[in-house]
Amino acid sequence: MVGRCRFLFPQALVCALVMLLMVPPTATAVSPSPVPAASWRVNGKVSAVLTVGPIVYVGGNFTTATSPGGEMVARRNLAAFDALTGELRRDFTADAGATVQALASDGLALYVGGHFGRIRGVDRVRLAKVSLVSGAVDTAFRADASGAVLGLDVRDGWLYVGGDFTTVGGVTRQRVAKVLATTGAVDPAFVGRADAKVMSVVKHPVQDVLYLSGSFTSAGGLPRTGVAAVSSVTGTAHPQTFQSSVRPILDLALNDDGSLLFGALGAGSNSATAWDAATGVRRWRQTTMGDVQAVDHHGGRVYFGFHDGYQDDTRLKLLVADAVTGVVDDAFRPTFNHFWGIFAIDATATGVVAGGEFTLVSGIPAQGFVRFTGGAPPPPTTRQTYVDGSSAPWTYWDNGNLAAGWQGPAFDDGGWAQGSAEFGYGDGDEATVVSWGPSASAKHITTYFRTRFTVDTVPDTLVVTMVVDDGAVVHLNGVEAARDNMPAGPVTATTRAATNRDGQAERALRSFALDPDLLVPGTNTLAIEVHQSSSSSSDLSLDADLVGSSTP
């Protein structure tokens with residue numbers, strides 16, 4: 001990201017160009033066109049993209065850049081292109097000896113992280129500082145890392161570094177470090193530590209807080225799962241934890257004032273998630289079919305990239321949502337032709353650049369990276385969370401068969417047990433443990449759950465997002481509204497789920513569109529019956545969110 005520019009010759013020209021193109025964003029940015037702009041391409045995977053003024057920098061694992069007309073120019077793992085035309089910047093050469101994983105800039109220089117041992121012929125081990133204009137290595141900066149550098153952020157004269165290293169500049173630092181942006185000297189006061197990879201680092205714009213994400217279970221000296229807030233002065237963990245976090249979390253972004261933190265969640269959670277940055281309370285999530293691998297924020301909108309697909313459409317790998325409500329903009333749905341999709345995103349006033357593994361975007365040839373520009377402002381959208389599974393009060397029945405009518409709003413569930421999601425048999429990941437019945441080999445096939453919520457105005461759309469093991473039927477106000485992994489036809493207490501779910505499948509979030517006309521102003525009832533695939537099933541899971549959206 002671009003920070004404040006200081007006019008120091010010879011970088012003054014670069015800063016002038018940066019500031020010329022830094023248009024102040026409106027409250028809600030313009031939606032880019034889903035059809036990519038014409039551009040050069042690279043012949044491999046792109047893991048990092050960064051726009052600095054008139055230039056787009058692209059890092060990854062490739063050997064050539066190719067023009068739309070077929071001209072090929074050698075560029076190894078790092079290249080620069082014109083942000084407005086997509087043409088190769090031939091004056092910039094900074095070939096890296098191995099994969100580039102991370103890029104950052106303060107408007108004066110480009111910081112490069114990855115797996116390399118040399119860049120532009122100069123020995124620099126996994127971390128380097130190069131000229132924005134020419135790619136020449138800044139020999140005054142050196143901070144060699146003992147393992148891969150996977151995340152970078154630079155602010156106020158300091159470079160924050162995350163990765164899979166144990167030393168930086170010969171100083172012990174466990175996977176996160178803070179170094180001087182001018183020389184690479186390690187800050188002795190900041191003692192970063194995490195017990196596994198740190199994949200993203202993001203500094204708060206005004207507070208002494210550094211956000212980390214990765215595959216760790218502890219960071220800054222305290223237990224933390226996949227995401228942590230630590231002091232940017234000392235590296236010590238802050239008290240907040242982040243609701244429903246997982247590991248790994250592959251990328252992070254902050255909104256402009258640092259009040260919202262956005263995460264790219266993998267590990268079967270497969271979601272773009274927004275948290276209150278100060279408290280860790282989850283504000284919204286959008287679920288995809290594969291890991292969310294990249295996230296970025298600009299102008300009140302959150303771009304997130306992923307693999308596999310979205311809502312059974314395997315062509316979708318990149319979407320944009322409202323930063324406050326999480327509502328996806330249906331006008332921006334570019335399509336991609338490869339499974340692995342998007343690994344890097346940079347959204348700025350000049351457009352959106354995304355990198356990954358693909359060769360065709362919305363029918364246009366585009367390999368490695370793609371540029372989106374233009375478009376129209378999206379309509380304003382409001383979002384209402386009616387049921388937050390982890391905080392909603394649920395009643396449940398885990399004693400076998402029930403009489404008809406248990407799904408309806410008039411049913412008396414006063415004798416049912418009470419609890420909060422996630423529900424399960426006792427695997428250790430649930431908030432409430434339910435009974436399985438007579439014995440481990442003769443468990444109840446069906447367990448029943450109910451919660452009530454209030455609706456002021458019926459929304460335009462309604463979506464339930466669930467973790468279910470093995471299958472479920474969803475009812476709204478006594479009417480069946482959706483099925484997940486259940487056979488067709490009548491359902492009874494002995495109806496088994498269609499298939500057994502195991503591994504990542506049993507932890508995956510799945511979303512289902514419901515008919516909003518099933519809601520009424522006032523009190524409503526959400527009822528879910530969870531079915532096992534066999535009476536000896538080892539586990540059960542239920543967590544559910546119900547969210548409505550409206551567009552004036």
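**Close-up views of a predicted model**

**View A. Strands β7 and β8 pair in the antiparallel sense, and 5 bridges join them.** Strand β8 covers residues 110-114. The coordinates come from a predicted model.

**View B. Strand β3 pairs with β2 and with β6.** Strand β2 spans residues 45-52 and runs antiparallel to β3, with 7 bridges between them. T51 has V56 of β3 as its bridge partner. The β2-β3 hairpin leaves 2 residues between its strands. In this hairpin, G53 adopts a positive phi near 60°. Strand β6 (residues 78-82) is also antiparallel to β3, here over 5 bridges. I55 is bridged to D82 in β6. Is β3 enclosed or open? Of its 7 residues (55-61), 6 are buried, so the strand is largely enclosed by the rest of the structure.

**View C. A salt bridge joins the side chains of D91 and R89.** The N to O distance is 3.7 Å. D91 is partly exposed, at 41% relative accessible area. R89 is also partly exposed, with a value of 21%. The cut-off for buried is under 20%, so R89 does not count as buried. This pair is shown as one example; the whole structure holds 18 salt bridges.

**View D. R282 and D545 form a salt bridge with 2.9 Å between the closest N and O atoms.** R282 sits in strand β25 (residues 282-287) and D545 in strand β45 (residues 541-550). The two residues are 263 apart in sequence, so the contact ties together separate parts of the chain. Both partners are buried. The pair is part of a salt-bridge network that links R282, R285, D388 and D545.

**View E. A salt bridge connects D413 and R450.** Their closest N and O atoms lie 3.0 Å apart. D413 is in the loop between β35 (394-397) and β36 (417-419), while R450 is in strand β39 (residues 446-455). The pair links distant parts of the chain, 37 residues apart. Buried or exposed? D413 counts as buried at 9% relative accessibility. R450 is buried too, with a relative accessible area of 1%.

**View F. The largest nonpolar core contains 30 residues.** Which members touch the most others? They are W394, F449, F453, I528 and L546. Several strands give two or more residues to this core: β34 (382-387), β35, β39, β40 (461-469), β41 (471-476), β43 (510-514), β44 (522-531) and β45. The largest share, 4 residues, comes from β40.

**View G. A second, separate core has 20 residues.** Among them are V52, F92, V112 and A128.

Methods. Residues are numbered from 1 along each chain as its sequence is written. This is a predicted model: local features need pLDDT of at least 70, side-chain atom pairs count only at pLDDT 80 or more; totals for chains, interfaces and linings use all residues. Side-chain values use heavy atoms; hydrogens and water are left out. Buried means under 20% relative accessible area, exposed over 50%, partly exposed in between (1.4 Å probe, protein chains only). Two strands pair if DSSP finds at least two bridges between them. A salt bridge is a side-chain nitrogen of Lys or Arg within 4 Å of a carboxyl oxygen of Asp or Glu. A nonpolar core is a set of buried Ala, Val, Leu, Ile, Met, Phe, Trp, Tyr and Cys residues joined through side-chain atoms within 4.5 Å.
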